[in-house]
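These are my notebook entries on one structure. I set down what I looked up, entry by entry.

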Amino acid sequence: MSTKLDEYYNKFNEEKRLNSRHGQVEYQVTMSYIHRYLKPGDRILDVGAATGRYSIPLFEDGYDVTAVEPVQHNLGRLKAKKPELPAFKGDARKLKRFADASFDLVLLFGPMYHLIDDGDKLQALKEAQRVTKKGGLIMVAYIMNEYSILTYGFREQHILEIQEQGKIDASWRVRPDEEDLYDYVRLEDIAELNAGAALERVCIFSPDGPANHMRRELNRLTEEEFSAFIAYQKSVAERPDLLGAGGHIVDILRKI
């Protein structure tokens, strides 16, 4: 997996995605939730930190932040931008560098996208739980099943191809192969993982909602209109009837 991820992120411009308007929706809504739960002096571990989209601003806000990233290209970009931020190459499933109960908040904003096997996802969740203090929080991001079906399947017109390949089952659930780089989930899949790790949900929200489905429309908005869209998404982010239709989900969990 590491080699495939390295090859992928050497070509894919993650910073361009995050700085786009749909990426800004995801970022601003997510950061509003992070700051809602952070306390002064909290220690943060950002697992799958990429090029530092969250770890760097949190570090600059004065929090004690440590970053872990499996892709050397991304890690190099992060270190170049903020050399004083402790950042290490590592795997979400093996956080042996860190002692039990070391952090108040652990961010998993990326690992669950790329771990195809449910056992690997559960291992990453359990490792995050291990290094989190009792009563501390874990924020876990996922990519949603219906987003993949609607965008790659129908909008980009691959639906017949992936049906023929057996990449979708009879219930329209995406079934990636081990060689694929992305996995997609539904709300019930997330609930099963939480049960397996014995974590308590604080809340679950959609950081981007329909933003990924309407990229062209977002780009046409004026700055004032775009600000209104972000305010809208913040207001509806936790609505149960909208959760599964967005591009991403962030689950906020407490270690009990």
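**Entry 1: the second largest pocket.** I looked up which helix gives the most to the lining of the second largest pocket, and found that α10 does, with three residues. I note that this is a predicted model, in which local features need pLDDT of at least 70 and side-chain atom pairs count only at pLDDT 80 or more, while totals for chains, interfaces and linings use all residues. Residues are numbered from 1 along each chain as its sequence is written, and side-chain values use heavy atoms, with hydrogens and water left out.

Helices (H or I, at least four residues) and strands (E, at least two) are DSSP runs, numbered from the N terminus. Both α7 (118-131) and α10 supply at least two residues of this lining.

The second largest pocket holds about 280 Å³ of space. Of its 13 lining residues, Asp 118, Lys 121, Arg 175, Asp 183 and Asp 189 are the closest to its centre. A pocket is an open set of points on a 1 Å grid over the protein atoms alone, where a 1.4 Å probe fits, with protein on both sides within 12 Å along at least five of seven lines; lining residues have an atom within 4 Å of a point. The volume is the space filled by probe spheres set on the points, which are joined across faces, edges and corners.

I sorted the lining by type and recorded six nonpolar, no polar and seven charged residues. Here Ala, Val, Leu, Ile, Met, Phe, Trp, Tyr, Cys and Pro count as nonpolar, Asp, Glu, Lys and Arg as charged, and the others, Gly among them, as polar.

**Entry 2: two residues with positive phi.** Most residues other than glycine have a negative phi. I found that Ala 50, not a glycine, has a positive phi of about 55°. Ala 50 lies in the loop between β1 (43-47) and α4 (55-60). Gln 157 is not a glycine either, and its phi is positive at about 60°; it sits in the loop between α8 (145-155) and α9.

Is each buried or exposed? Ala 50 counts as buried because its relative accessible area is 14%, where buried means under 20%, exposed over 50% and partly exposed in between (1.4 Å probe, protein chains only). Gln 157 counts as exposed, at 70% relative accessibility.

**Entry 3: Arg 21.** I located Arg 21 in helix α3 (residues 21-37). Arg 21 is buried, with a relative accessible area of 14%. Arg 21 and Leu 218 are 197 residues apart in sequence, yet 6.6 Å apart in space, C-alpha to C-alpha.
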